[in-house]
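The helices, the loops and the backbone follow.

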Amino acid sequence: MAICRIVTTVTAILLTVISLMATSAAWAVSESAILARKPPKLLSEYGLFADLPAQIPAKDVLPYTLNTPLFTDHARKLRFVFVPSGKPATYNDSEAFEFPLGTALIKTFAYPGGRNGPGRNLRLIETRLLLKTDRGWQAWAYLWNEEQTDAKLKITGARLNVKSETADGTKLDFTYSVPNRNQCKGCHSLSGEFTPIGPSARNLNGDFEYPDGAMNQLQRWTNAGILSGAPDPAGAPKAVDWRNEAASLDDRARAWLDVNCAHCHRREGPASNSGLFLTWNEGDPVALGIGKRPVAAGRGSGGRLYDIAPGDPDGSILLYRVESIEPGVMMPEIGRSLADHEAAQLLRAWISTLR
């Protein structure tokens, strides 16, 4: 995947420098900034990066990736985690890990075509932070300046034009949306509590190319002292990379639905009243949408009668909404303005096999 290639290049070439200079105080993370009631105005004030424009992480900030990531208008994403020393996150077999106070989950969104991105001709768009404080998780978006030297806090969100291309060379020209705080809460909600989505056992259970060689991420997090209680990776759940054609069609489709839809479409999520539950381990075919009529019809149904009509992609509301880019119809309803055509093809093939 594109994100894997990006992170591999960054870590292999640049993180070696960090290991040689990690004692530099200037590269230390500011835990006071993470825990502050009023967030810093500039991303640089957190000290999360040794070289901010190049996205070289500071000491004790670890890069990571997900087996199957959320689609966000073809953005390339660079992910990092900081956990305070001596306070590891607690392993959970099915949900995101329980992180301690002072944790920072960092995600930078970027597109090809920048002037001085991280050595890869990338334009950095925004960096989102999830910070664990005594008031729970706090979400902040930082918008990068034109010079690509720093990013500024943007509480109310923003919209900007992006011209770039996808990994296969398809041209992109669209309006990118930086979410406001309330929009962040719309997706990051579990049983009414704000919570992370990505860092779960199933999405971290895979190899990452570190400077000293490839290693399973669960093992690396354990070795680094930022995760406790994790089993041997062979005994942990594992989501597939949905683009991996060697994996089963069912596993690929379920992995994509889990990370793109199930943060809302689950029994404890904001869309629980829909009765459509798309979590990776949902065992009830009807709850998964197969042969299920929608709770509420309307233009979002596209005139189709079932959430998933077995063997009939064009009769399935789920596919109609995934393919749509119309506000009020498309799903997910926020976080994108473009359709994920590759994923739509996957879901179409998957639905065609269902009986």
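Which residues lie nearest the centre of the largest pocket?

## Largest pocket

L70, T72, R128, P179 and G335 lie nearest the centre of the largest pocket, among 46 residues that line it. A pocket here is an open set of points on a 1 Å grid over the protein atoms alone, with protein on both sides within 12 Å along at least five of seven lines; lining residues have an atom within 4 Å of a point. The space in this pocket is about 900 Å³, where a volume is the space filled by probe spheres set on the points, and grid points are joined across faces, edges and corners.

At least two lining residues come from each of β4 (76–82), β6 (104–112), β7 (122–133), β8 (136–144), β11 (171–178) and α3 (181–187). The largest contribution is that of β11, with five residues. The lining divides into 28 nonpolar, ten polar and eight charged residues. In this division Ala, Val, Leu, Ile, Met, Phe, Trp, Tyr, Cys and Pro count as nonpolar, Asp, Glu, Lys and Arg as charged, and the others, Gly among them, as polar.

## Model and overall make-up

The model is predicted: local features need pLDDT of at least 70 and side-chain atom pairs count only at pLDDT 80 or more, while totals for chains, interfaces and linings use all residues. Residues are numbered from 1 along each chain as its sequence is written, and side-chain values use heavy atoms, with hydrogens and water left out.

The protein has eight helices and 16 strands; these are DSSP runs numbered from the N terminus, helices being H or I with at least four residues and strands E with at least two. Of the 355 residues, 53% are buried. Buried means under 20% relative accessible area, exposed over 50%, and partly exposed in between (1.4 Å probe, protein chains only). Among contacts between residues at least 6 apart in sequence, 55% join residues at least 24 apart, a contact being heavy atoms within 4.5 Å.

Helix α6 (residues 249–261) has 13 residues and spans 17 Å from its first C-alpha to its last, close to the expected 18 Å. The expected span is 1.5 Å times one less than the number of residues. Ten of the 13 residues of α6 are buried, so the helix is largely enclosed by the rest of the structure. The buried residues include R252, R254 and D258 as well as W256, L257 and V259. The buried residues of α6 pack against α4 (201–204), α7 (317–323) and α8 (341–353).

Helix α8 also has 13 residues, and its end-to-end C-alpha distance is 19 Å, close to the expected 18 Å. Its buried residues are A343, A344, L346, L347, W350 and I351. They cover an arc of only 160° around the axis, which puts them on the same side of α8; the arc is that of the directions from the helix axis to the C-beta atoms. An α-helix has 3.6 residues a turn, so residues three or four places apart point the same way. The exposed residues H341 and Q345 sit on the face of α8 turned away from its buried side. The buried residues of α8 pack against α6 and α7.

## Cavities and the cis peptide bond

Two cavities of 30 Å³ or more are counted, a cavity being a set of points where a 1.4 Å probe fits but cannot get out.

M331 and P332 are joined by a cis peptide bond with omega about -5°. P332 is in the loop between α7 and α8.

## Other loop residues

S30 belongs to the loop between α1 (2–21) and α2 (31–35). Apart from its neighbours within four places in sequence, S30 contacts E45 and Y46.

Q55 is in the loop between β1 (49–51) and β2 (56–57), and H74 is in the loop between β3 (61–64) and β4. Q55 counts as buried because its relative accessibility is 0%, whereas H74 is partly exposed, with a relative accessible area of 24%.
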